[in-house]
Amino acid sequence: MTVHFPFQNTYAALPANFFARVAPTPVASPRLIKLNRPLAVHLGLDPDLLSSPEGAEILAGKTVPAGAEPIAMAYAGHQFGQFVPQLGDGRAILLGEVIDKDGIRRDIQLKGSGPTPFSRRGDGRAALGPVLREYIVSEAMFALGIPTTRSLAAVITGESVMRETMLPGAVLTRVAASHVRVGTFQYFAARGETEGVRRLADHVIARHYPHAANVEHPYHALLKNVVARQADLVARWLLVGFIHGVMNTDNTSISGETIDYGPCAFMDHYDPAQVFSSIDEMGRYAYANQPRIALWNLTRLAECLLPLFSDDQEKAIAEAQEILGEFIEKFTAAYQAGLRNKIGLFTMRDGDEALVQDLLDAMARNQADFTLTFRRLCEAAGDAAADAGVRALFAEPSAYDEWAARWRQRASEEPQSPAERQAAMLSVNPAFIPRNHRVEAVIQAATLNDDYAPFEELLAVLSKPYQDQPQFADYAEPPQPDQRVLQTFCGT
Ligand code: AMP
Ligand code: MG
């Protein structure tokens, strides 16, 4: 039996300047370290065959499966605000697309599979650490209910990659609704190729926003939809304390999925200015800056679409501005609704925004852990005796007491019982997030000792983030001072 991928490729049928045809570079001795079996089944793939030696060779790029049309996609992008007219898949190769059990088309891409015409000075490879990080964090995001690319498999290649030191090489198999980015539009727009922009827009409308095809102004509808999805996405990031770390336009997906997990991280104590990425010296991609940056990136997308809006540039700009103007409104609505849910409010009233903001401000002043504060607040909603657990997270516990009194007063004006409120809160406030120190410990064990047991255990815990898992209570805890991770790295 050979592994069968039911490929139905559409991107490889676009004009030749959309990509470069390039096969993965074979590696020495691939070994499968993780297969996401439920995801394999969801994609119509046989997990047993995929975990066979032949399957591992495919997932490492050593063998190209039948029906694949391997390509490296072309794209450009603003990196930390600087425009680079050509980036492209420098170390990733799209094997093809399959239709999943929900009828949704999914890209299957190898990341770390060798050089492509877009590699510039890079080696086209990935080190094990970043592959495990992306695997863990993307699957954690999925379990949290946040739109994201997913991880189908991780293999080690049996070869080393040179970074600061020699590290084990690895390949991640990534699954995405598509890999089209804001930067993909920029690639054609920067070359003045309006027809390329149009072909790409038609492709993504058909793929992600089919209803937009039938309205009077499909390209306006496209922008509107991308704006709405990004507004929702970034609100969800903030509500779980996620910091993407490299929100360049080439890392901003048109489908609205979180994509390109590099130096991303979840914060422990609440700090709106938090930055982890070692290369983000100016704090451009700090936690609280993310909505502003998303809008900046969407503005770059709108610029690409202007020629499709109207021949009259002034008119096109005015129309784009109107659509972009919806971002803040949509983001704020999603974020504020999410915050109300986090503190267990079922209705919306004047003063709610200030109530939540006062909690966040107190958390920031008191170095309170973001995830634990909201999780313990669920218990406090059920029983005021649980206040002690929340207070203990604040450097100055009385800061919580004042706030809690206002919160209880506000909650008491709603008809729901404490138990109902608690249940609702437990379903939106996770107990388990991929805390940095845990991710680092997993990477250390795998890289230094070839030990994947910690990786498996962390994945298992993170797959049920909203359930108390008493036997894994430690995983909910913030780092001890000596365990704190202060910086994260791209590792590219
Ligand atoms: P990233 O920061 O991972 O989003 O990547 C930015 C750009 O650099 C993309 O065009 C990547 O394909 C490229 N790149 C990153 N790492 C490598 C590598 N090891 N070899 C070749 N290209 C790379
Ligand atoms: Mg990228």
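## Largest cavity

The largest cavity of this predicted model has a volume of about 70 Å³. A cavity is a set of points, on a 1 Å grid over the protein atoms alone, where a 1.4 Å probe fits but cannot get out. The volume is the space filled by probe spheres set on the points, with grid points joined across faces, edges and corners. Lining residues have an atom within 4 Å of a point.

The largest cavity is lined by 13 residues, with Gln230, Trp237, Asn251, Thr252 and Ser253 closest to its centre. H7 and helix H8 (290-309) are the elements that give two or more residues to this lining. H7 supplies the largest share, three residues. Helices (H or I, at least four residues) and strands (E, at least two) are DSSP runs, numbered from the N terminus. By class, the lining has five nonpolar, seven polar and one charged residues. Ala, Val, Leu, Ile, Met, Phe, Trp, Tyr, Cys and Pro count as nonpolar; Asp, Glu, Lys and Arg as charged; the others, Gly among them, as polar. The whole structure holds three cavities of 30 Å³ or more.

## Magnesium site

Asn251, one of the residues closest to the centre of the largest cavity, is also a donor to the magnesium ion (ligand 2). The protein donors are Asn251 (OD1) and Asp260 (OD), 1.9 to 2.1 Å from the ion. Donors are N, O and S atoms within 2.8 Å of the metal (3.2 Å for Na, K and Ca); water is not among the atoms, so the site may look incomplete. Both Asn251 and Asp260 are buried (under 20% relative accessible area, 1.4 Å probe, protein chains only).

## Two domains

The domain assignment gives domain 1 (16-179) and domain 2 (183-336); such bounds come from an automatic or database assignment. Their centres, taken over C-alpha atoms, are 23 Å apart. In domain 1, 35 residues are in contact with 39 residues of domain 2 (heavy atoms within 4.5 Å).

## Second largest pocket

Both domains contribute here: domain 1 and domain 2 each give at least three residues to the lining of the second largest pocket. A pocket is an open set of points with protein on both sides within 12 Å along at least five of seven lines. The space in this one is about 460 Å³.

Of its 23 lining residues, Ile104, Arg106, Thr148, Ala177 and Glu257 lie nearest the centre. Helix H1 (37-42), strand E7 (105-111), strand E10 (166-176), helix H6 (194-208) and helix H7 (218-240) each supply at least two. The lining divides into eight nonpolar, six polar and nine charged residues.

## Conventions

Residues are numbered from 1 along each chain as its sequence is written, chains are lettered from A and ligands numbered from 1 in the order in which they are written. Local features need pLDDT of at least 70, side-chain atom pairs count only at pLDDT 80 or more, and totals for chains, interfaces and linings use all residues, while side-chain values use heavy atoms, with hydrogens and water left out.

Terms used: Buried < 20%, exposed > 50% of the residue type's maximum accessible area, 1.4 Å probe, protein only.
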